Amino acid sequence: MKHNQFAVIGLGRFGSSLALTLAKQGCHVLGVDDNEEIVNDMANKLTHAVMANATDEEALRAIGVRNFDVIVVAIGTDIEASIFATILLKELGAKYVVAKALSELHGRVLSKIGADKVVYPERDMGTRVANQLVSPNLLDIIELSKDYSVAELSVPPRLSGYTIKDLDPRKKYGCSIVAINKKSGVVIAPQATDLINEGDIMVIIGTNDQIESFEKEVLD
Ligand code: ATP
C-alpha cells in the first residue's frame, strides 16, 4: 500500500527538500521545526507546519505520531536531538521512523535505538556525484545489496542504431538490460531486436563488477 501521511522533523536543506517533494507528489506532509522563521516559510507549502522541539515528549505526543505512515527525523548537526527525537517517536508508537545520520557511528546508534531506516544523504550523494564524474555515461546507480545494483546508463552517439543483441550484455558480461527509457516511452524487458539510440537511457541490473565492465568496455 502506498504511504500517504508523512511527518518531517527538521526542515533544514535535506528535510525541506524531502518535505516539498512529498507534498508535490500529493502526500499529506506535516513539517516540524523549532525555528519559527522556517516554520512560517514552509506553512503554505506543506499540509501543516508546526513549531515544536522534537526532544520535547509532550510536543511530539501532541502531533499524534501514530497517525503517520512515515516520520522522517531530518535533524543532523544536533546529534543529541536526532537521537532523542528518534527514541521518543518509537516510544510513542510511530509506525516507521526514517532517521538521517551524519556518520556511520551516528547511524549505528540510530539503528540500535529503533530507527526503522537510516539514511546518509551526504555520503550517498558524494558517492553518486563521484561515480558520475568518473563515468559520464552512468546517470544513476541504486545499490540493491552489497554486490548487486541497478544502473542507468546513457547511450553514446556511436551506439545509435545498435540492437540489444549487438551489445549482448547478458552473454558478454552477465548483466541484463531490463528497460530502455526512450523519448517515446519506456520499453520494459526489451527484445534482442530492439534498437537503442543516442539519448536513450538503458536500465541495467547485475553485479557491480558486471555493470562496470559493460560500462567501460561498451560505452566508454
Ligand atoms: P541540513 O543539512 O539538512 O540543512 P543539518 O544536518 O545541518 O541540516 P540541523 O541544522 O541540525 O541539521 O537541523 C536541520 C533542521 O532541524 C533545522 O531547520 C533546525 O532548525 C531543525 N532542528 C534542529 N534541532 C531541532 C529540534 N530539537 N527540534 C525541532 N527542529 C530542530
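## Ligand shell

The ligand is surrounded by 19 residues, and R13, F14, D33, T77 and K100 are the closest; a residue counts as near if one of its heavy atoms lies within 4 Å of the molecule. The model is predicted, so local features need pLDDT of at least 70 and side-chain atom pairs pLDDT 80 or more, while totals for chains, interfaces and linings use all residues. Residues are numbered from 1 along each chain as its sequence is written, and side-chain values use heavy atoms, without hydrogens and water.

By type, the shell has eight nonpolar, six polar and five charged residues, with Asp, Glu, Lys and Arg counted as charged, Ala, Val, Leu, Ile, Met, Phe, Trp, Tyr, Cys and Pro as nonpolar, and the others, Gly among them, as polar.

T77 has a polar side-chain atom 2.7 Å from a ligand oxygen atom, and K100 has one at 2.8 Å from a ligand oxygen atom. At D78, a polar backbone atom is 3.4 Å from an oxygen atom of the ligand. Such contacts are pairs of N or O atoms within 3.5 Å.

## Domains

Domain 1 spans 5–119 and domain 2 spans 124–219, with bounds from an automatic or database domain assignment. Their C-alpha centres are 35 Å apart.

Methods. Polar contact = N/O pair within 3.5 Å; in protein donor to acceptor, adjacent residues only side chain to side chain.
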